[in-house]
Amino acid sequence: MRHLIFNIIIVLISISSNAQEFSGIIKYEIRHNWIKKINAVEYLSKSEKEKSAYMWGHTDEYTEDAILYFNNNISVYEEVDEENRSGSWSSRSKEYTIYRNIEENTTYDLIREVNKLFVIEDEIQNQNWKILNDIKEIAGHICMDALYKDPIKGNSIIAWFALDMPVSFGPDRFGGLPGMILEVDINQGAMTISAKKIEEKNVDEFLVKPKHKKRIKYFKEDDYKKLISDQIEQAKKTERPYFWRIRY
Amino acid sequence: MKILIKNIIFISLFSCFSLVVNAQVSQITIKAQLIDEENEMVPAATVMLLNSKDSTLVNYTTSDSKGNFSFKNVKNSGYLLKVSHVSFMPVQKDIPISNNSIVDLGIINLEPIAEILMEVVIKSAQAPLFIKGDTVEYDARLFKVPPGSTVEDLLKRLPGIDIDASGNISTQGENIRRVYVDGKTFFGDDPKSVTKNLDAQAISRVQVYDDKSEQERISGIGDGDKEKVMNLELKEEFKKGHFGKATLAGGIDEEREKLLWAARGNFNKFDETQQFSVIGFANNINQTGINWDDYSEFKGSAAFSGRDNGDFGFGGSRGRHMYMSGDGLNYFDGKGFTKNYGGGLNYNYFTKKINLNASYFYNQTDLNSETFADRQTFLADTSYLLNTKSARFDFRNTHSLSSRLEYDIDSSNSLIFRINGRFSGNQTDNIRNQLFSTILDQKINQNYTNNIDSLDSKALNSLAIYSHSFKKKGRKFAISGALDYNESNKKENLINKNEFFLASTELEQINILNSKDNDNNTVKSSALYVEPISKRFSLMGFYNFKANTSQSANLSTDVLTANTMVDSLSIYYQNKEMFNRIGTSINYNWEGLNIALGGAYQVINLFNKYSTTENSPLLVPELKKPYSNFVPNFSANYQLPNNMRINLNYNYRINAPSISYLQPIPNLSNRFYKTEGNPNLEPESSHSSSASWSYWNQASFTNVSVSLSHSYYDSQIIYNQETKFVEGLGYTTIMKPENVSGGQSISTNLWSSMPIIKTKLTFNISGSYRYSESPVYINTIRNTTNTNAYSLNLGLNLTLTSKLQITAGSYGSLSDVSYSIQTSQNQNILNLSANTSIKWQFAKKSFFEANYNFTNYHNDRFELNENLHLANASIRQVLGKENKFELRLAVFDLFNQNKVISQNPGSNYIETSISPSLARYYMLSVSYNIKGFETKQKQGRW
């Protein structure tokens with residue numbers, strides 16, 4: 001045990017002192033729980049929540065896959081449904097690629113939301129994390145947790161970041177913590193993004209801005225926030241869960 | 001002057017104060033060194049600077065090789081410093097606003113995470129360790145104990161906690177003297193009373209911490225007197241509970257001087273793995289079953305399940321479908337008056353591997369109905385009229401049992417079993433009076449029939465499906481087997497009287513007793529194999545087998561001739577159908593594009609034996625008909641990026657003629673229509689193709705879908721008719737099934753919904769056009785009936801406020817029917833309707849709901865021009881503190897006009913019929929809901 005920790009420390013020292021390239025791939029599993037999602041929506045009636053739990057409680061979960069490529073400066077996150085790509089039925093993969101460049105402090109996110117395909121090109125605006133006090137192991141790494149309350153969607157997000165992976169990236173649009181985020185838990189299990197496999201290797205070929213057709217709408221972070229908050233406003237009025245229309 | 005002095009003093013005081021403030025530095029540097037318990041320096045620890053008010057992350061760094069770290073030139077605003085490291089417990093330090101520009105915290109000592117916690121909790125159980133100051137806790141749900149275990153059993157599995165033989169708990173050498181449940185004392189002070197009595201399954205988290213003494217709690221000053229306590233946090237049980245409703249209603253139908261009543265109730269109890277429900281209803285207001293909402297709640301998690309019929313082949317089902325078994329649901333066509341009773345039980349059990357549903361439903365209906373129909377039949381050179389009055393008294397009851405088990409043996413093997421049974425009885429008294437007359441309203445003959453039937457039937461269906469997915473991605477195998485058994489017995493007393501007007505008035509009477517027995521067995525099996533060729537292509541092969549044997553016996557006796565057997569009507573037949581199909585398709589599946597192209601070869605063998613009774617000689621030699629064909633199939637669908645979908649389908653269908661076409665049972669109930677069999681029939685073959693396109697725009701909430709389908713018959717089995725005017729008898733028709741080429745139909749549908757004002761006003765439109773060409777030979781002349789049918793539906797949905805919603809809509813349909821043999825009979829059938837509804841919450845717990853529907857039925861040829869105004873209104877009040885009661889006063893069919901009108905154009909006839917139904921009545925109902933009624937109006941969905 002001691003020996004192991006010592007080794008880790010040596011590795012980390014060499015990383016920090018030589019500023020060696022730290023890069024690799026993280027495979028995440030996204031787990032959706034419909035019942036918990038519906039239960040977390042404040043504006044839905046209690047009876048509606050109970051009814052959906054009763055009707056769908058036995059098949060409330062489904063999973064998707066995602067990949068994060070990273071080095072010290074750049075991360076690229078993509079949702080790839082590998083399971084879905086082969087077999088007797090194939091659906092179109094999602095257009096959702098998140099690009100972060102810390103050196104240039106820029107984002108270049110290719111997103112399809114409410115039927116529009118656009119690029120968010122802006123400065124990195126990380127979440128306002130509150131650091132909590134818990135420890136757990138995820139994919140062989142000891143992680144600590146941090147909390148963020150999404151003011152638009154009202155979600156309560158817990159991120160577990162690795163103390164021994166000194167990059168401030170993470171899955172989806174999360175980041176800005178002292179270590180790599182290996183797990184995100186939204187609304188107590190309504191949706192989790194959890195690292196399953198971490199592989200250290202050179203992935204520079206993947207660390208490029210997402211490709212798209214030339215004519216595309218460019219959004220600022222604020223435009224995106226407005227788009228989301230408009231949708232949530234409408235969903236509230238019609239009293240239906242917003243996540244049937246937009247991402248959770 | 002005084003004021004001035006005061007001001008000066010104030011100003012000088014203020015400046016002094018600001019000087020003090022300025023003396024504080026605006027930016028500071030924070031530094032420290034990290035040392036472990038063996039005085040070793042700790043490098044590579046994460047050091048975070050948090051806002052002291054809300055723990056928001058402000059800055060972070062890592063300690064260097066000597067364990068040193070520093071934050072240079074940060075705002076002097078008060079922080080919480082947090083140090084964390086892979087192998088040490090996190091440490092937190094307060095950094096208040098400082099007067100110095102350098103805040104040197106000196107040496108911070110780190111304590112290693114206890115090895116046992118690290119190894120057992122974090123690594124093996126994959127459980128997070130929650131550290132709240134000096135409290136360490138774990139998620140108890142991750143330490144599995146068998147059901148029925150006590151908390152003590154659970155604690156034995158938790159690392160760092162010891163339990164001795166007598167049940168005393170200790171941790172790190174200290175005894176735990178108190179156990180709290182959700183922070184509260186439970187059953188007095190003895191910790192064992194909790195740990196030995198409470199069910200482990202109820203616990204979500206176990207916390208162990210040092211409790212502060214009573215004095216410390218009051219004074220806030222620690223006196224060092226601490227004791228170890230344990231807190232058990234209970235699970236939130238949102239997946240457990242019960243709900244139910246009951247309604248009693250009474251009312252009157254003034255016109256018919258009838259008392260109306262209705263009762264309905266349901267109760268559901270559930271937990272994380274089980275659901276149990278019971279439902280019952282009784283009424284005389286034409287609700288022959290329960291509605292879909294109640295039905296789905298009754299079935300619970302089993303309401304939506306896979307459509308598993310085990311018949312593998314082209315296409316195949318994807319996803320989950322609404323599975324509605326008819327029994328129990330309200331399927332009444334509205335004709336007549338009924339009295340209904342019914343109820344059922346349902347049980348569901350589900351775990352990650354097992355999904356079980358078992359359910360029973362009983363329902364019975366007493367029906368009393370009348371129908372008045374007018375039919376005009378066209379022949380090449382003439383036409384005649386038929387007026388039918390019929391009355392029906394019907395009692396039917398059904399017991400249905402269903403069960404389904406889905407068992408996922410492991411990630412690659414799964415099994416499905418399904419067994420359904422249905423037992424039903426039906427007693428019918430059917431009286432019919434038919435009057436045939438010439439186009440000039442001259443009576444030809446009259447036919448009176450009275451059928452008294454009693455039918456008992458039993459059906460049993462069973463199915464098993466096994467599927468296996470291989471290690472190689474996309475390689476799949478599935479096999480299914482099914483057994484179906486149906487049996488029915490019918491006793492029929494038939495009285496038939498004919499009166500002829502054209503010749504000398506003559507009367508004829510028949511009274512026959514029929515006893516009919518039917519047995520039907522089917523054995524089915526299918527197999528499917530999918531082999532991936534590449535990432536995008538796969539090859540699918542399937543085989544279907546079906547063997548069906550049926551026996552049918554009818555024994556007829558003549559009541560008028562002392563119950564002698566009537567040979568011409570008695571029949572016994574046996575037939576067998578063997579079906580074999582083997583097929584394959586190549587599939588392309590990639591990025592939302594799914595194409596399948598394939599074909600199958602099918603062989604159908606029909607055998608038929610036919611005699612008067614089971615033991616009498618065959619009337620005709622045994623019939624053997626083999627049919628073999630190749631059927632191609634194509635399907636493609638494409639999912640475009642912006643929620644657009646396109647589907648294309650083509651298939652060629654071959655259906656062997658059913659036995660009733662080849663050798664029908666003679667039917668004497670109506671001697672003016674006789675049906676013959678045709679042993680020379682060839683199978684029916686048709687080409688059908690369809691295309692559809694749909695689009696959903698989430699941004700504008702707009703939905704559009706369009707579909708187009710076409711089918712063309714190479715060969716169709718049609719009852720060709722020979723109608724003759726027999727002197728002294730009237731018009732008699734002999735119908736014989738024959739293969740007729742041609743005949744097609746085209747249909748297009750459009751559906752769209754879009755907001756005019758988002759969340760307030762929605763517009764929806766749907767329309768259809770259908771063209772059909774149906775051939776029939778009438779007295780050997782080919783008649784083609786061409787129908788052009790148009791329909792259009794427009795609707796508006798207005799949500800004025802969350803408490804007032806209004807809808808308005810209109811519907812129109814026009815059928816233009818033309819007959820090639822008698823163009824003078826061409827006609828237009830027009831139905832127009834308009835409707836509106838209102839939902840209004842006019843007080844906190846008071847609701848008003850009303851709807852109105854106007855329909856106009858129009859047909860020039862029948863001089864039909866009927867207007868129907870139907871209006872319903874109700875007012876309801878939710879009562880009680882917890883809204884558990886509801887009082888509702890309703891009036892149905894305010895204008896007392898309800899009846900069922902239908903207009904059917906046939907191959908060479910047009911028929912209009914009217915049936916009376918339950919009209920205006922008033923009803924008062926009281927409902928009770930265990931969970932309380934909603935006092936908020938449900939918002940419109942679009």
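Q: How do you know which residues and features count here?
A: Residues are numbered from 1 along each chain as its sequence is written, chains are lettered from A and ligands numbered from 1 in the order in which they are written. As this is a predicted model, local features need pLDDT of at least 70 and side-chain atom pairs count only at pLDDT 80 or more, while totals for chains, interfaces and linings use all residues; side-chain values use heavy atoms, with hydrogens and water left out.

Q: Why is α3(A) called oblique to α6(B)?
A: Helices here are DSSP runs (H or I, at least four residues), as strands are (E, at least two), numbered from the N terminus. The axes of α3 (residues 46-56) of chain A and α6(B) cross at roughly 55° and come within 9 Å. Axes are lines fitted to C-alpha atoms, for helices over the stretch in contact, with angles from 0 to 180 degrees between N-to-C directions. Angles under 35 degrees are roughly parallel, over 145 roughly antiparallel, 65 to 115 roughly perpendicular and the rest oblique, so α3(A) is oblique to α6(B).

Q: What makes up the contact between α3(A) and α6(B)?
A: Contact means heavy atoms within 4.5 Å. K51(A), Y54(A) and M55(A) meet D293(B), S296(B) and E297(B).

Q: Which elements line the second largest cavity?
A: β18 (258-270), β19 (274-283) and α6 (292-299) of chain B each supply at least two residues. β18(B) gives the most, with four. The lining includes R264(B), F267(B), D294(B) and E297(B), and its residues divide into four nonpolar, three polar and three charged.

Q: Why are β4 and β7 of chain B called edge strands?
A: Two strands pair if DSSP finds at least two bridges between them. In the open sheet β4-β1-β7 (chain B), which has mixed pairing, β4 (68-75) and β7 (102-109) each pair on one side only. Six bridges join β1 (residues 27-35) to β4(B), running antiparallel, and K31(B) stands opposite S70(B).

Q: How do you know that β11(B) and β12(B) pair?
A: Two bridges join β11 (residues 169-171) of chain B to β12(B), and pairing asks for at least two, so they pair. T171(B) has E174(B) as its bridge partner in β12(B).

Q: What joins β43(B) to β44(B)?
A: A hairpin does, through two residues. These strands, residues 827-843 and 846-859 of chain B, run antiparallel with 14 bridges, and K839(B) stands opposite E849(B). β44(B) also pairs with β45 (residues 864-879) of chain B in the antiparallel sense, over 14 bridges. In the hairpin of β44(B) and β45(B), E863(B) takes a positive phi near 50°.

How values were computed. 1 Å grid on protein atoms, 1.4 Å probe; cavity = no way out; pocket = protein on both sides within 12 Å on 5 of 7 lines; lining within 4 Å. Nonpolar A, V, L, I, M, F, W, Y, C, P; charged D, E, K, R; others polar.
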